[in-house]
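Please keep the structure open while you read.

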Amino acid sequence: MADTSDTRNPAQIEADIKRRREVLAETLDEIGVRVHPKTIVGDTKAKVVGNIDHTVGRAYVGVNRAVSQVRAQFVDDEGAPRLERVVPAALVVVGVVGLLALGSRRRKG
């Protein structure tokens, strides 16, 4: 059988009760701060901003990578344009713009 007798004197028991009350009060204060609407809103905003920053960062890296890949198709390692690729691409762009202009003239007239 376990010994359930308490060997503390009344002053020790009162000190223990006081200490436990202080710890409990601190815990309740922390809980109050955590569940306060302003804290919840602030935490949620921080998470949303973090997610947006992460998404924007990933998008920036992706766009930067795509631009670098396209640039590599039209510029050599020294930075000079690759005419064998630039000229055909320019002709395609001019042709598409010409077709769009011709199409818009036909619709108006």
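**Notes on charges, patches and helices**

1. Start with R20. R20 is exposed, because its relative accessible area is 54%, and the cut-off for exposed is over 50%. Keep in mind throughout that this is a predicted model.

2. Which residue does R20 pair with in a salt bridge? The partner is D16, and the closest N and O atoms are 3.3 Å apart. D16 and R20 sit four residues apart in helix α1, so about one helical turn separates them. Side chains of opposite charge can pair when their charged atoms come close.

3. D16 also meets R19. The side chains form a salt bridge at 2.7 Å, N to O. Here the spacing is three residues within helix α1, which again means a separation of about one helical turn. R19 has 44% relative accessibility, so R19 counts as partly exposed.

4. R8 is another partner of D16. Their salt bridge has its closest N and O atoms 2.9 Å apart. R8 is partly exposed, because its relative accessibility is 35%.

5. Is D16 buried or exposed? D16 counts as buried, because its relative accessibility is 15% and the limit for buried is under 20%. Contrast R20, which is exposed at 54%.

6. R8, D16, R19 and R20 are linked in a network. D16 takes part in the pair with R8, the pair with R19 and the pair with R20.

7. Now the surface. Which residues form the negative patch? They are E22, E26, D29 and E30. E26 is placed in helix α1, residues 10-35. E26 counts as exposed because its relative accessibility is 51%; the cut-off is over 50%.

8. There is a nonpolar surface patch too. Its members are L24, L28, I31, V35 and I40. Together they have about 460 Å² of accessible area. Helix α1 gives the most to this patch, with four residues.

9. V35 is found in helix α1. Its relative accessible area is 53%, so V35 is exposed.

10. Move on to helix α2, residues 37-74, where V61 lies. V61 is partly exposed, because its relative accessible area is 41%. How far apart are the C-alpha atoms of V61 and A80? They are separated by 25 Å, and the two residues are 19 apart along the chain.

11. Finish with helix α3, residues 83-108. This helix has 26 residues and reaches 37 Å from its first C-alpha to its last. That is close to the 38 Å expected at 1.5 Å a residue. How many of its residues are buried? The count is zero, and α3 is hardly covered.

Methods. Residues are numbered from 1 along each chain as its sequence is written. This is a predicted model: local features need pLDDT of at least 70, side-chain atom pairs count only at pLDDT 80 or more; totals for chains, interfaces and linings use all residues. Side-chain values use heavy atoms; hydrogens and water are left out. Helices (H or I, at least four residues) and strands (E, at least two) are DSSP runs, numbered from the N terminus. The expected span of a helix is 1.5 Å times one less than its number of residues. Buried means under 20% relative accessible area, exposed over 50%, partly exposed in between (1.4 Å probe, protein chains only). Patches are made of residues with over 30% relative accessible area and no salt bridge: like charges are joined within 9 Å, nonpolar side chains (Val, Leu, Ile, Met, Phe, Trp, Tyr) within 5 Å. Accessible areas come from the Shrake-Rupley method with a 1.4 Å probe; for residues, only the protein chains shown count as cover. A salt bridge is a side-chain nitrogen of Lys or Arg within 4 Å of a carboxyl oxygen of Asp or Glu. Lys and Arg count as positive and Asp and Glu as negative; His and the chain ends are not counted. The place of a charge is taken as NZ of Lys, CZ of Arg, CG of Asp or CD of Glu.
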